[in-house]
Amino acid sequence: MIIAIDGPAASGKGSIARRLGAHFGYPHLDTGALYRAVGLAMLQENQNLDDSDAAAKVAENLPLELLDAAEIRTAEVGEAASKVAVHAAVRKALRGFQERFAGQSPGAVLDGRDIGTVICPHADVKLFITATVEIRATRRHKELLARGERIIYARVLADLKVRDQRDATRKEGPLRPADDAFQIDTSNLDIEAAVAAALTFITSQRT
Ligand code: CDP
């Protein structure tokens, strides 16, 4: 069973994806980490994030150990990730890895922006996770502070708005719910309640 989970930054999709992976015993891929790793490598090499060819080369030779690097979690790398994610050649270079991950037996959970629409259009379960931008900014601000980053709430909110807009309006793999996605608004749900809503939906789909 493939579980595809999409949604904007800090909507809770990553936490829900990890919990569902643990529940079903499936591996989980945070596909945002791929784009973040490309963004970080571009920054480290002092490359222009708007250079599609350079970014595609980095994506084609992505050092997979970067996926677990703490440095990919900064606000700066999140912004860089969203800039390199605009390039069709980058998305193409990262596609095979995601498709192979999704093809594992007996199942897999992937979260990102275009999983239900582009990477796994035939996923058995599609979820689209949302929350108000203010609540998402509050969550992301807390996470960044906990990681030792010095950043104010207003900056996080402004960054998320710019990123949402860029992600939703790009030509390739824009952020949008698949037609058959089940939407969960986590604005007023804690993680337990959000996972419970997802599990109720999945159970109803399978019976
Ligand atoms: O953690 P957060 O929700 O802030 O973002 P992320 O999931 O780590 O993704 C970082 C950026 O990568 C996003 O803003 C997207 O532009 C891009 N991304 C994408 O284009 N497609 C995906 N499947 C996953 C992430």
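Modeller: A polar contact is a pair of N or O atoms within 3.5 Å; within protein, one must be able to donate a hydrogen and the other to accept it, and residues adjacent in sequence count only if both atoms are side-chain atoms. The model is predicted, so local features need pLDDT of at least 70 and side-chain atom pairs count only at pLDDT 80 or more, whereas totals for chains, interfaces and linings use all residues. Residues are numbered from 1 along each chain as its sequence is written, and side-chain values use heavy atoms, with hydrogens and water left out.

In R91, an N or O atom of the side chain lies 2.8 Å from an oxygen atom of the ligand. For R163 the corresponding distance to a ligand oxygen atom is 2.6 Å, and for a polar side-chain atom of R36 it is 2.5 Å. Taken alone, the ligand exposes 530 Å², of which the protein buries 97% (accessible areas come from the Shrake-Rupley method with a 1.4 Å probe; for residues, only the protein chains shown count as cover).

There are 18 residues around the ligand, and R36, R91, R140, R163 and D167 come nearest (a residue is near a molecule if one of its heavy atoms lies within 4 Å of it). Helices α2 (32-44), α4 (75-84) and α8 each supply at least two residues of this shell, and α2 gives the most, with 3 residues (helices are DSSP runs of H or I of at least four residues, strands runs of E of at least two, numbered from the N terminus).

D167 also takes part in a salt bridge, with R113, at 3.3 Å from N to O (a side-chain nitrogen of Lys or Arg within 4 Å of a carboxyl oxygen of Asp or Glu). This pair links distant parts of the chain, 54 residues apart: D167 lies in helix α8 (residues 153-169), R113 in the loop between β3 (108-112) and α6 (115-119). Both D167 and R113 are buried (under 20% relative accessible area; exposed is over 50%, partly exposed in between, with a 1.4 Å probe and protein chains only).

R155 is partly exposed, at 46% relative accessibility. Salt bridges with shared partners join R113, D167 and R170 into one network.
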